[in-house]
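Here is a short briefing on one protein chain. Look through the sequence and the 3D view, then read the points below.

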Amino acid sequence: MKFFIQTGALLGLLGVGLGAFGAHALRKMLDETGRAATFETAVKYQFYHALALVLVGVLMQLMSQNPMALKWLNYAGLSFLGGVLIFSGSLYILCFSGITWLGAITPIGGVLMILGWALLFWAVK
């Protein structure tokens, strides 16, 4: 419970920092490489799923008497976290390094994010 709230808060903090850093200090480099939109997508999806992780943690506290809900919420939180690390992480690496083959793993992160939302739905059904 606490893990997901704190992880979501940390991802939110980093999202604000990276977003500001990208908009100011990195803007010229991102524009020159044509990666500004990619960077913004990485930050945006990181933010959405930072909030989702906080939600999962709060729901875990509210549903602490329901072991099945806790199990599915835990899976949802782990899916969101894995999704952010793979989806946003691969996009950040692409923006900073130009390693384009990482684009091939980005969809795995997207699938994990989708799975997280499905698991969240299942947990509270």
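From the N terminus on, the elements run α-α-α-α-α. The chain has five helices and zero strands. Helices (H or I, at least four residues) and strands (E, at least two) are DSSP runs, numbered from the N terminus. This is a predicted model: local features need pLDDT of at least 70, side-chain atom pairs count only at pLDDT 80 or more, and totals for chains, interfaces and linings use all residues. Residues are numbered from 1 along each chain as its sequence is written, and side-chain values use heavy atoms, with hydrogens and water left out.

**Whole chain**

- The C-alpha trace spans about 55 × 25 × 15 Å along its principal axes.
- Of the 125 residues, 41% count as buried; buried means under 20% relative accessible area, by a 1.4 Å probe with protein chains only.
- The chain exposes about 6900 Å², an area from the Shrake-Rupley method with a 1.4 Å probe.
- Among contacts (heavy atoms within 4.5 Å) with a separation of 6 or more, 77% come from residues 24 or more positions apart.

**His49**

- His49 sits in helix 3, which covers residues 36-62.
- His49 is buried because its relative accessible area is 4%.
- Leaving out residues up to four places away in sequence, His49 touches Phe80, Val84, Met113 and Trp117.

Conventions:
Buried means under 20% relative accessible area, exposed over 50%, partly exposed in between (1.4 Å probe, protein chains only).
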